Amino acid sequence: MTATAHPLQIVAATRARTAANVARDRFAAPETMSALQFIAAHFDAAATACDAYDGTTNAPFMEMWRALADARELITRHKDSRLPAEVIEYVTAPLTASPLPTLPRLLPPSERDAAEEATLRAELDRLHADTEAADADTESWFRAVLAVLAKWKRLEGAVDVDNRRPCNRVRVAELHLKCIACGGSTIRFSVREWAVCECGKGQTWGDALVCDCGYDCPAIRGEAAN
Ligand SMILES: [Zn+2]
Ligand SMILES: [Zn+2]
């Protein structure tokens, strides 16, 4: 830590170090456990690089961004790490002055999961709004955020499984698709990028999707499997 460390620099380093400690202490299956150790090491490297910034050169931040990119790659590959890729944005937000990330909609077919999504989103909104706690005790605040995000990742996994159940196919389509002409959800995906509704209206996939899933949309997966 340099004597000239900027408060925002300290906040970013503290968030990275907190993410490292949470990843290191997290319990998971053996394969995920070893990935979590590497993720923790990358977050620690990011924190150390952030500490090293003394106003003379941006090299420490470039080193920090590299370490965070490595962490992101592992996080994306290991869904059981129960860390969303958005964790990186929480670490960089103090430095980039970007708003805190928002999570994509899960659109669960089950009402119980939808209620849990709403609860977790509300809890995260409450934490985001509590800037006083975020400043006063960055570590406790970020641990609370990471705890909500871990529950979120577990819910995301459950919704993904539920989305694939044949009995949920119609419900998933209703939630994820909408025809631009009639508003219906009975849409057939023909060639890539093109879809045709029951009413006869042709449209692009992007027009029919009202979800945040993109090409991984379970409604499309269900159609392709048919
Ligand atoms: Zn239509
Ligand atoms: Zn979707």
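What pattern does the protein follow, read along the sequence?

1. Start with the overall order. This is a predicted model, and read along the sequence it goes α-α-α-α-α-α-α-α-β-β-β-α-α. That comes to 10 helices and 3 strands.

2. The C-alpha atoms fill a box of roughly 70 × 35 × 35 Å along the principal axes. The protein has 226 residues, and 31% of them count as buried. If you look at contacts with a separation of 6 or more, 60% of them involve residues 24 or more positions apart.

3. H2 covers residues 30-51, so to speak 22 residues in all, and spans 32 Å from its first C-alpha to its last, close to the 32 Å expected at 1.5 Å a residue. Its buried residues are Leu36, Ile39, Ala40, His42, Phe43, Ala46, Ala47, Ala49, Cys50 and Asp51. Covering them are, among others, helix H1 (7-25), helix H3 (59-77) and helix H4 (87-96). As background, an α-helix has 3.6 residues a turn, so residues three or four places apart point the same way.

4. Now the nonpolar cores. The largest one has 33 residues, and the members with the most contacts inside it are Ala16, Ala19, Ala23, Phe43, Ala46, Cys50 and Val91. H1, H2, H3, H4 and helix H7 (138-164) each give two or more residues to this core, with the largest share, 8 residues, coming from H2. Zoom in on Phe43 and you'll find that this residue touches Ala16, Arg17, Ala19, Ala20, Ala23 and Ala71, leaving aside residues up to four places away in sequence. Another core, of 16 residues, lies apart from the largest one; Leu107, Val159, Leu177 and Ile187 are among its members.

5. On to the strands. S1 (residues 187-189) pairs with S2 in the antiparallel sense over 3 bridges, and Arg188 stands opposite Val196 in S2. The two strands form a hairpin with 4 residues between them, where Glu193 in the turn has a positive phi of about 80°.

6. S3 (residues 202-204) runs antiparallel to S2, joined by 3 bridges, and Ala195 has Gln203 as its bridge partner in S3. This hairpin also has 4 residues between its strands, and Gly200 takes a positive phi near 100°.

7. Last, which residues of strand S2 (residues 194-197) are on the covered face, and which on the uncovered one? Ala195 and Cys197 are on the covered face, while Trp194 and Val196 are on the uncovered one. In a regular strand the side chains alternate between the two faces of the sheet.

Definitions and conventions:
Residues are numbered from 1 along each chain as its sequence is written. Chains are lettered from A and ligands numbered from 1 in the order in which they are written. A residue is buried if 20 or more other C-beta atoms lie within 10 Å of its own, exposed if 12 or fewer, and partly exposed in between; C-beta atoms are placed from the backbone. Two strands pair if DSSP finds at least two bridges between them. The expected span of a helix is 1.5 Å times one less than its number of residues. Two residues are in contact if their C-beta atoms, placed from the backbone, lie within 7 Å. A nonpolar core is a set of buried Ala, Val, Leu, Ile, Met, Phe, Trp, Tyr and Cys residues joined through C-beta atoms within 7 Å.
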